[in-house]
Protein chains: 2
Amino acid sequence: MDSLKQAIEQKLMAWTETIPSSLLKVATQYALQGKAKRFRPLVVLRLIESYGLDPFLYLDIAVALEMIHVYSLIHDDLPAMDDDSLRHGRPTLHLAFDEANAILVGDGLLTLAFEIIAKTTCINDAQKVKVIQILSSHAGLSGMIYGQHLDLLFEKRTPNQEELQAISRHKTGMLLSAAFQLGALVGNPQNAAIWEEIGHDLGLLFQIQDDVLEATTSSDKMGKSKSDDLLEKATFVKILGLDASQQKIASLTTKIKKDIQRISLSSSTIIDLINTILTRQY
Amino acid sequence: MDSLKQAIEQKLMAWTETIPSSLLKVATQYALQGKAKRFRPLVVLRLIESYGLDPFLYLDIAVALEMIHVYSLIHDDLPAMDDDSLRHGRPTLHLAFDEANAILVGDGLLTLAFEIIAKTTCINDAQKVKVIQILSSHAGLSGMIYGQHLDLLFEKRTPNQEELQAISRHKTGMLLSAAFQLGALVGNPQNAAIWEEIGHDLGLLFQIQDDVLEATTSSDKMGKSKSDDLLEKATFVKILGLDASQQKIASLTTKIKKDIQRISLSSSTIIDLINTILTRQY
């Protein structure tokens, strides 16, 4: 495993060590130990690295963001929400433990994210306040939570293209753009706005890619079954059509590449990471 | 209504104005509009006032704490947790709306609390970081969440006196001691430790008072029925006995009064507020 990713995994665990209840600790560690790509924390750290700084010094910022991501998955998986039974190939937290503790662990990870930023020594107080502002506004009632609310709302009726984009922008785009903003905050705050835009575009592109992948790949090849839920769910391919979806991916790719060229970086590690998305194989 | 309490109510509403979903906004406002005593935010502000400062300037700190309290009630009331149907005489949020939105509104209020502190202009960055540290550590997996976890755990077996005190210390004591610490942080940080202790003692005293009240008052007089749940639940009266419980209230009262005398204040508004608890009528 990439040593930076390994350091993220270790730091995530390190912050759970002081949880006083053994059950809550084990449940929290279970939730954090899924086979996750850690894309968001890697974005934070690779972006910092691309500005010539040592990413290993800023792990706390990256894991705080990842904890907010993991909390959102735990709560989204609950029976009252998406009612999912599998996450990263393992039973979801409320099935592996119980619903009450899944709610509590989610609440706990969200709270811990802010505690980590308050306690970290890797940035100064002014930067901490900015980080907390970015995390809370992107994760909150006008950000990611709004996205999950919209997603539940459109289980009842089919969204149009604009609404589908609004779900994607909030539900997945918000934390991704937060990742880029956090990296820019440490690396070069003057670039924050453009990285935020790249984050939103990349989130949208990723979602459309997923929908195209779902529509064009056989179940066998994907290694998972297409559930009825999935088939009924509105996707960009269903709303826009396959051709227009692929055109949208192409134009977003062009836009992201053009935006990146406007930024001066000392290394290309963040570009390499973005390219793993832009060149995803279907 | 007391003008400070009125200002708290208005400030709570003001922070919900920008919620983009009308349903999430209405649900959040419903949750915040219960007939609550606002004891925690009043502690923050009356303590600040007792140090000679204008409490109306620090409303943001007080409402951030209250939002964390309200989020905890929403999530504790959920079917998977305490499964409560009434809160402040009205249907709980998941019954008035639905479970999914109750989870989201709870998550949203917790997140908003940190966003408010990040955005407020009433304190400087160093103070903001300290406030966020106090809020997150008291509300988190070693604080209030641990208390709720213990409370659920001891539905299965009867706790002993020490365990009962641990539940009370974490479930209710943590946010109360946070309120005193926040007030002290603004008023006079050197007094923070002693106010924290007063907060914990007052929380424990309040819990024992409640149990004594429950045991000695007729259902008619209390204006509510004693549910089976309530009768089965471990209480200080059941574990310690009525006499020992009343003695414990008396000794905590003496300790709190002695502690307060060690602190030099410019007005007595916080003492008046504490006295409303110490002199509760049974």
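How many residues does the contact take from chain B and from chain A? The contact takes 40 residues from each of chain B and chain A, two residues being in contact if their C-beta atoms, placed from the backbone, lie within 7 Å. The structure is a predicted model, in which local features need pLDDT of at least 70 and side-chain atom pairs count only at pLDDT 80 or more, while totals for chains, interfaces and linings use all residues. Residues are numbered from 1 along each chain as its sequence is written, and chains are lettered from A and ligands numbered from 1 in the order in which they are written.

On the side of chain B that touches chain A, the elements giving two or more residues are α2 (22-32), α6 (99-119), α7 (125-139) and α8 (144-153) of chain B. Helices here are DSSP runs (H or I, at least four residues), numbered from the N terminus. The most comes from α6(B), with 13 residues. Of the 21 residues of α6(B), 19 are buried, so this helix is largely enclosed by the rest of the structure. A residue is buried if 20 or more other C-beta atoms lie within 10 Å of its own, exposed if 12 or fewer, and partly exposed in between.

Elsewhere in chain B, two helices pack against each other. The axes of α4 (residues 59-77) and α9 (residues 161-187) of chain B come within 11 Å and cross at roughly 175°. This makes α4(B) roughly antiparallel to α9(B), a term for angles over 145 degrees. I61(B), L65(B), I68(B) and H69(B) of α4(B) meet L175(B), A178(B), A179(B) and L182(B) of α9(B) in this contact.

Helix α14 (residues 242-261) of chain B has 20 residues and reaches 29 Å from its first C-alpha to its last, close to the 28 Å expected at 1.5 Å a residue; the expected span is 1.5 Å times one less than the number of residues. Its buried residues are S245(B), I249(B), L252(B) and I256(B). They cover an arc of only 70° around the axis, which puts them on the same side of α14(B). What covers them includes α10 (192-216), α13 (236-240) and α15 (269-278) of chain B. On the other side of α14(B), the exposed residues are D243(B), A250(B), S251(B), T254(B), K258(B) and Q261(B).

I260(B) is also found in helix α14 of chain B. With 17 C-beta neighbours inside 10 Å, I260(B) counts as partly exposed. Leaving aside neighbours within four places in sequence, I260(B) is in contact with I198(B) and I271(B).

Methods
The arc is that of the directions from the helix axis to the C-beta atoms. Axes are lines fitted to C-alpha atoms, for helices over the stretch in contact, and angles run from 0 to 180 degrees between N-to-C directions. Angles under 35 degrees count as roughly parallel, over 145 as roughly antiparallel, 65 to 115 as roughly perpendicular and the rest as oblique.
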